[in-house]
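Open the structure in your viewer and keep the selection tool at hand. Each stop below tells you what to pick next and what you will find there.

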Amino acid sequence: MAYKFGSDEYFMDKAYQLALQAAEEGEIPVGAVVVCEQKIIARGYNQTEKLNDVTAHAEMLALTAAFNYFGAKYLPDCTLYVTLEPCTMCAGALFWSQIGRVVYGARDEKRGYSLLAGNGNRVLHPRTSVTTGVLAAPCSRLVKDFFKKLRD
């Protein structure tokens, strides 16, 4: 489906395409893009199996690419689009990056950072805004189908 350029759906779809790539490679299907001034400056998808690295989450790889793009460690003017709610490890990295905005598709009911946030903990930077549920249905279906296939 075609989405209007610059919309949250447009950029989430780009992350979703990366999640599909992850699934094709046998990785948990999560994709992420970092956007600044309506331009994708970094991409990432889960590569924990490929790299034998439990920290090789889509968000972490996209953040590293964004830091390298700018030659800086803070991303206050950027938005991260990710197909699945970040885990607490990724949320910690997002906190330290001071990213301006996080947009995620599907909620992660077992490992999502919002489980900590529900206890009154500050998980993301105070200036980071969050938008949830963008293309949630296809993002959620992709993850559920992946794990169902593993169990069959």
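**First stop: Gln-98**

Start by selecting Gln-98, which sits in the loop between α4 and β4. Keep in mind throughout the tour that this is a predicted model. Is Gln-98 buried, exposed or partly exposed? Its relative accessibility is 25%, so Gln-98 counts as partly exposed. Check the backbone here too: Gln-98 has a positive phi of about 55°, although this residue is not a glycine.

Now go to the loop between α2 and α3 and pick Asn-52. Asn-52 is another non-glycine residue with a positive phi, here about 50°. With a relative accessible area of 71%, Asn-52 is exposed.

From there, move to Thr-48, which belongs to helix α2 (residues 48-51). Thr-48 counts as buried, because its relative accessibility of 17% falls below the 20% limit. Show the residues around Thr-48: leaving aside those up to four places away in sequence, Thr-48 touches Glu-27, Asp-53, Val-54, Ala-56 and His-57.

**Helices α3 and α4**

Next, select residues 58-70 for helix α3 and residues 88-97 for helix α4. Two packed helices are described by the angle between their axes and the distance between the axes. What are the angle and the axis distance for α3 and α4? The angle is about 20°, and the axes are 10 Å apart. An angle under 35 degrees counts as roughly parallel, so α3 is roughly parallel to α4.

To see who does the touching, show side chains on both helices. On the α3 side, pick Glu-59, Met-60, Leu-63 and Phe-67; they meet Met-89, Cys-90, Ala-93, Leu-94 and Ser-97 of α4. Colour this contact by residue class and you get seven nonpolar residues, one polar and one charged.

**Helices α1 and α6**

For another helix pair, select α1 together with helix α6 (residues 136-151). These two pack at an angle of about 10°, with 11 Å between their axes. α1 and α6 are therefore roughly parallel to each other. Which residues make the contact? From α1 come Met-12, Tyr-16, Ala-19 and Leu-20, and from α6 come Pro-138, Cys-139 and Leu-142. Try the class colouring again: the contact of α1 with α6 has seven nonpolar residues, with no polar and no charged ones.

**The salt bridges**

Time to look at charged side chains. Side chains of opposite charge can pair when their charged atoms come close. How many salt bridges are there to find? The count comes to three.

Begin with Arg-101 and Asp-8, whose closest N and O atoms are 2.7 Å apart in a salt bridge. This pair links distant parts of the chain, with Arg-101 in strand β4 (residues 101-106) and Asp-8 in helix α1 (residues 8-24), 93 residues apart.

Then pick Arg-107 and Glu-85, whose side chains meet in a salt bridge at 3.9 Å, N to O. Here again distant parts of the chain are joined: Arg-107 lies in the loop between β4 and α5 (114-117), while Glu-85 lies in the loop between β3 (78-84) and α4, 22 residues away. Glu-85 is buried, with a relative accessible area of 2%, whereas Arg-107 is partly exposed at 44%.

Glu-109 is exposed, with a relative accessible area of 59%. Show Glu-85, Arg-107 and Glu-109 together, and you have a network of salt bridges.

**Last stop: Gly-44**

Finish in strand β2 (residues 39-45) by selecting Gly-44. At 4% relative accessibility, Gly-44 counts as buried. Which residues does Gly-44 touch, not counting those up to four places away in sequence? They are Leu-18, Val-30, Gly-31, Ala-32, Ala-58, Leu-61 and Ala-62.

Key
Residues are numbered from 1 along each chain as its sequence is written. This is a predicted model: local features need pLDDT of at least 70, side-chain atom pairs count only at pLDDT 80 or more; totals for chains, interfaces and linings use all residues. Side-chain values use heavy atoms; hydrogens and water are left out. Axes are lines fitted to C-alpha atoms, for helices over the stretch in contact, and angles run from 0 to 180 degrees between N-to-C directions. Helices (H or I, at least four residues) and strands (E, at least two) are DSSP runs, numbered from the N terminus. Angles under 35 degrees count as roughly parallel, over 145 as roughly antiparallel, 65 to 115 as roughly perpendicular and the rest as oblique. Contact means heavy atoms within 4.5 Å. Ala, Val, Leu, Ile, Met, Phe, Trp, Tyr, Cys and Pro count as nonpolar, Asp, Glu, Lys and Arg as charged, and the others, Gly among them, as polar. Buried means under 20% relative accessible area, exposed over 50%, partly exposed in between (1.4 Å probe, protein chains only). A salt bridge is a side-chain nitrogen of Lys or Arg within 4 Å of a carboxyl oxygen of Asp or Glu.
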